[in-house]
Amino acid sequence: MGNIMTCCVCPRASPELDQHQESVCPCGSEIYKAAAGDMTAGVPVAAAVEPGEVTFEAGEGLHVHHICEREMPEDIPLESNSSDHPKASTIFLRKSQTDGETTLFFLPRKGVSTERFTQQYSSCSTIFLDDSTASQPHLTMTLKSVTLAIYYHIKQRDADRSLGIFDERLHPLTREEVLEEYFKYDPEHKFIFRFVRTLFKAIRLTAEFAIVSLIYIERLVSYADIDICPTNWKRIVLGAILLASKVWSDMAVWNEDYCKLFENITVEEMNELERQFLKLINYNIGVTGSVYSRFYFDLRSLAHDNGLYSPVYLLDRERAWKLEAFSRMEQYKVFYSAAKNGSLSAEDLIHLQRAKAILF
């Protein structure tokens with residue numbers, strides 16, 4: 001990310017998606033339907049912009065700081081910004097808690113058993129496990145939680161402050177005509193979820209990217225003083241996912257590949273969206289483990305408040321053995337690190353020998 005020659009104007013498709021061409025088909029893709037929603041008729045197709053030749057003048061780029069080395073502006077109070085400070089409350093959770101309605105999105109319908117959530121079980125005889133963890137979040141639950149956070153951002157917005165780069169009326173994602181009535185109503189949660197899910201499916205992203213994308217969205221809202229509203233939410237979400245996939249993926253998808261997901265956006269327009277998003281968040285793309293964890297657990301709280309639960313499974317003998325082995329392996333790593341530092345007591349040495357005997 002940041003290398004325009006390799007990320008933005010390269011005429012070839014990225015090697016990551018070359019191996020999975022079926023996932024990024026520009027014709028008949030699900031992402032078209034998700035982007036179009038219930039819009040009708042068509043608007044003129046934007047003229048394609050040919051990638052220009054990149055040239056460098058003498059001395060250019062010799063003293064450019066790395067993007068991670070950019071200094072943060074002094075006038076931004078980090079303590080009050082959840083995307084930078086783990087002790088600050090996340091914006092989406094505050095908005096959801098101030099919502100006047102009490103409707104829960106994901107409560108089971110009539111006839112669906114809720115026994116596994118309400119019945120009390122003995123901790124010795126029956127154990128249920130939730131496989132969603134901070135290091136390996138459950139994809140569907142994470143996407144539903146993140147889109148629920150975006151939904152509350154839209155619903156509980158203070159105003160309709162926006163910028164032209166994110167305005168879908170100025171930069172439509174599809175060729176279909178967007179009726180003005182469409183932008184007068186807040187999108188439903190299921191519509192936001194369908195848009196994000198189809199995008200993640202096409203680009204083959206994992207749940208972690210959804211959490212990082214939400215962090216970037218809240219960073220944008222805080223830094224640029226804009227609101228997420230019906231006219232800009234799609235392009236804001238697209239820009240955040242684009243940035244997260246480039247910063248945190250070992251083999252990032254190129255901008256040209258994102259253009260294949262939409263029928264009315266050019267590479268140059270995608271480049272400009274990326275540049276403006278970076279500029280508006282002051283090139284602050286770093287995410288600490290503490291901030292990531294804060295967002296993860298706040299998303300779980302949001303999901304619980306709205307009746308969304310991760311799938312739970314009965315602990316069987318094989319899974320219990322794997323968990324025990326993993327726990328002892330981690331314990332062994334701690335003992336080994338302490339032994340290298342010379343801070344291991346005689347009792348710790350006995351435990352270390354027992355752990356090695358069990359594992360090996």
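How many helices and strands are there in the protein chain? The chain holds 14 helices and two strands. The model is predicted. Of its 360 residues, 41% count as buried.

**Whole chain**
- The accessible surface of the protein chain comes to about 20200 Å², and carbon and sulfur atoms contribute 53% of that area.
- Among contacts in the protein chain with a separation of 6 or more, 86% are between residues 24 or more positions apart.

- S245 has a relative accessibility of 1%; buried means under 20%, so S245 counts as buried.
- The side chains of S245 and Y258 are joined by a polar contact of 2.6 Å.
- Y258 is also listed among the contacts of S245 when neighbours within four places in sequence are left aside; L205, F209 and A252 complete that set.

- F193 counts as buried because its relative accessibility is 11%, against a cut-off of under 20%.
- With neighbours within four places in sequence set aside, F193 is in contact with T140, L143, K144 and T147.
- Y151 is 42 residues from F193 in sequence, and the C-alpha to C-alpha separation of the pair is 9.3 Å.

Conventions. Residues numbered from 1 in each chain as written. Predicted model: local features only at pLDDT ≥ 70, side-chain atom pairs only at ≥ 80, totals over all residues. Heavy atoms only, no water. Buried < 20%, exposed > 50% of the residue type's maximum accessible area, 1.4 Å probe, protein only. Polar contact = N/O pair within 3.5 Å; in protein donor to acceptor, adjacent residues only side chain to side chain. Contact = heavy atoms within 4.5 Å. Helix = DSSP H or I, 4+ residues; strand = E, 2+ residues; numbered from the N terminus. Areas by Shrake-Rupley, 256 points an atom, 1.4 Å probe, with all protein chains shown as cover.
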